[in-house]
Amino acid sequence: MRQAKTAYSGFLSGGGIPRRHDPHLLPLARIKKIMKKSSVDVKMISREAPLVFSKACELFIEELTKRSWNMTIQGKRRTVHKEDVAHAVATTDVFDFLIDLVHPNTSHHVDLNEDLEKKQ
Amino acid sequence: MERGGGFHGYHRHPIHPTSGMQQQDMKQKQPETTNNASTDDNECIVREQDRFMPIANVIRIMRKILPPHAKISDDAKETIQECVSEYISFVTGEANDRCQREQRKTITAEDVLWAMSKLGFDDYIEPLTVYLHRYREFDGGERGSIRGEPLVKRAVAGSDPGPFGMGPFVPGFHMGHHHNGFFGPGSIAGFFKDPSSATGPTGFEPYAQCKE
C-alpha cells in the first residue's frame, strides 16, 4: 500500500495511541489541494479546515456507500456498480450536486430492471 | 471523453499528457503546511492523483460499511473517489463565499461546518463538532490549548477507543431538530445563527470564549 509514503508519514501510523490524528484519516495535504483548486479566489485555509473535511469525507463515503449498497441488494446483486452509485445519488436530495458527475448527459441512462435481468 | 462536468468541473482525462511524471509523484511531495497563500496555482499540469483522495483510503472506508461478501466494481470505486473531491469542492465553495462576504481571508473549520449545514449535511455536524473539539482538547488546535468542559459527553458514552475514535457513525441524534439546544454552550449553537450576529469584525469565532 502506498499509505506509508503519503502524508501519513508525519503522523503515528497503525498501532499506538493516535496522539494527533486517527491514522485512518484521509491525507490532509491532498484535501487542502482540492480545496484550493475549488475556486480561484480561495486564499488561506486554516489548519483545522482540512481536518474537518477528512472526517466529513469519511462520513460522506460511508453514506454514499450505504445508499449505493441498498441499490445493489435491491437488484439482487453483490457487486456495487457505478449505476448503483448513480441511483443512490438520484434518490438522495443532498447528493444533487453529484448528478452531473455520476450521470453525464452523454452517457445512456441505465434501466435498473434491465440490469437485473442481465445479471440473473 | 470527459466524465461528467460536475459542480466545479473536475475531469478525469483518459490520456494524461504527463503520465510519465505520475510515477515519480507517488510520494506526497507537499508536507503538511499551516496557513499559506497558494503559490502553486500557476501549475498548469494537474496530476490526476492530486485531484482525488487515494483510492486505497476510499476503498477502506467503503469496506467498513459493506458486508464481507460484498464486492465493489472498479468503476464504482472511481466514481465514489470522484464524488469525494466534488464534495470537498462544493462545500469549500460555499465556505469561501461566506468568508468573502465577511471579508475574511482564511477559511476556518467553522466556515466548513457552516457550509455543510447550509448545504444539507446536517447529520454530519454533530459528529464533526465532537471530533473537532477533541482535536482541540488534545492538540491545541490553531488557537492554543482549550480547557473547556467536554462539549457533548453523551455522544460518546460507552464507545471511546481513543481521543479521536469516533467508532461507527453516531446514530439517532435527530440532528435536524436540535440545532440550538443540542450543543450546550451558546457559542456552538451560535454557529448556526445569522452571520450578522457574529462576534467582532474578524467574523465568527464560536470557540473564542474557550481560548483561555
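## Reading the labels in a predicted model

Colleague: Why is Lys76(A) called exposed?

Modeller: Its relative accessible area is 65%. Exposed means over 50%, so Lys76(A) is exposed. This is a predicted model, so the value is computed from predicted coordinates.

Colleague: Where is Lys76(A) found?

Modeller: In chain A, in the loop between H2 and S2. Lys76(A) also has a positive phi of about 55 degrees, although it is not a glycine.

Colleague: Which loop holds Gln103(B)?

Modeller: The loop between H4 and strand S2 (106-107) of chain B. Phi of Gln103(B) is near 55 degrees, a positive value in a residue other than glycine.

Colleague: What makes Gln103(B) exposed?

Modeller: A relative accessible area of 74%. The cut-off is over 50%, so Gln103(B) counts as exposed.

Colleague: Why is Thr92(B) called buried?

Modeller: Buried means under 20% relative accessible area. Thr92(B) has 1%, so it is buried. Thr92(B) lies in helix H4 of chain B.

Colleague: What is Thr92(B) in contact with, leaving aside its neighbours within four places in sequence?

Modeller: Met35(A), Ser38(A), Val42(A) and Phe53(A) from chain A, and Ile107(B) from chain B.

Colleague: How do you know that Arg51(B) is buried?

Modeller: Arg51(B) has a relative accessible area of 8%. Buried means under 20%, so the label applies to Arg51(B). Arg51(B) sits in helix H2 (residues 48-51) of chain B.

Colleague: How far apart are Arg51(B) and Gln81(B)?

Modeller: In sequence, 30 residues; in space, 9.6 Å, C-alpha to C-alpha.

Colleague: What makes H3(B) and H4(B) roughly perpendicular?

Modeller: Helix H3 (residues 55-65) and helix H4 (residues 74-101) of chain B have axes that cross at roughly 105 degrees and come within 10 Å. Angles of 65 to 115 degrees count as roughly perpendicular, so H3(B) is roughly perpendicular to H4(B).

Colleague: Which residues make the contact between H3(B) and H4(B)?

Modeller: H3(B) gives Ile55(B), Val58(B), Ile59(B) and Met62(B). H4(B) gives Lys77(B), Glu78(B), Ile80(B) and Gln81(B). By class, that is five nonpolar, one polar and two charged residues.

Colleague: Which residues of H3(B) are buried, and what do they pack against?

Modeller: The buried ones are Asn57(B), Val58(B), Ile59(B), Ile61(B) and Met62(B). They pack against helix H2 (48-74) of chain A, and against strand S1 (71-72) and H4 of chain B.

Colleague: Why are H4(B) and H5(B) called roughly perpendicular?

Modeller: The axes of H4(B) and helix H5 (residues 109-118) of chain B cross at roughly 115 degrees and come within 8 Å. The perpendicular class runs from 65 to 115 degrees, so H4(B) is roughly perpendicular to H5(B). The crossing of H4(B) and H5(B) is right-handed.

Colleague: What makes up the contact between H4(B) and H5(B)?

Modeller: From H4(B), Tyr87(B), Val91(B), Glu94(B), Ala95(B), Arg98(B), Cys99(B) and Arg101(B). From H5(B), Glu110(B), Asp111(B), Val112(B), Trp114(B), Ala115(B), Met116(B) and Lys118(B). By class, the contact of H4(B) with H5(B) has eight nonpolar, no polar and six charged residues.

Colleague: How many helices and strands are there in chain B?

Modeller: Eight helices and two strands. Along the sequence the pattern is α-α-α-β-α-β-α-α-α-α. Chain B has 212 residues, and 50% of them are buried. Take contacts in chain B between residues at least 6 apart in sequence: 59% join residues at least 24 apart.

Colleague: Which residues of helix H3 (residues 82-90) of chain A are buried?

Modeller: Lys82(A), Asp84(A), Val85(A), Ala86(A), Ala88(A) and Val89(A). Their cover includes H2, S2 and helix H4 (99-102) of chain A, together with H4 of chain B.

Colleague: Where in chain A is confidence lowest, and where highest?

Modeller: Lowest in helix H5 (residues 112-119) of chain A, at a mean of 56. Highest in strand S2 (residues 79-80) of chain A, at 98. The mean pLDDT of chain A is 80, and 67% of its residues reach 70 or more.

Colleague: What is the pLDDT over residues 2-19 of chain A?

Modeller: Below 50. That stretch has 30 contacts in the model beyond near neighbours in sequence. Where pLDDT is low, the predicted coordinates should not be read in detail.

Technical notes: Residues are numbered from 1 along each chain as its sequence is written. Chains are lettered from A and ligands numbered from 1 in the order in which they are written. This is a predicted model: local features need pLDDT of at least 70, side-chain atom pairs count only at pLDDT 80 or more; totals for chains, interfaces and linings use all residues. Side-chain values use heavy atoms; hydrogens and water are left out. Axes are lines fitted to C-alpha atoms, for helices over the stretch in contact, and angles run from 0 to 180 degrees between N-to-C directions. Helices (H or I, at least four residues) and strands (E, at least two) are DSSP runs, numbered from the N terminus. Angles under 35 degrees count as roughly parallel, over 145 as roughly antiparallel, 65 to 115 as roughly perpendicular and the rest as oblique. Contact means heavy atoms within 4.5 Å. Ala, Val, Leu, Ile, Met, Phe, Trp, Tyr, Cys and Pro count as nonpolar, Asp, Glu, Lys and Arg as charged, and the others, Gly among them, as polar. Buried means under 20% relative accessible area, exposed over 50%, partly exposed in between (1.4 Å probe, protein chains only). pLDDT is the predictor's confidence in each residue, from 0 to 100. A crossing is left-handed if the near helix is turned anticlockwise from the far one by less than a right angle, and right-handed if clockwise.
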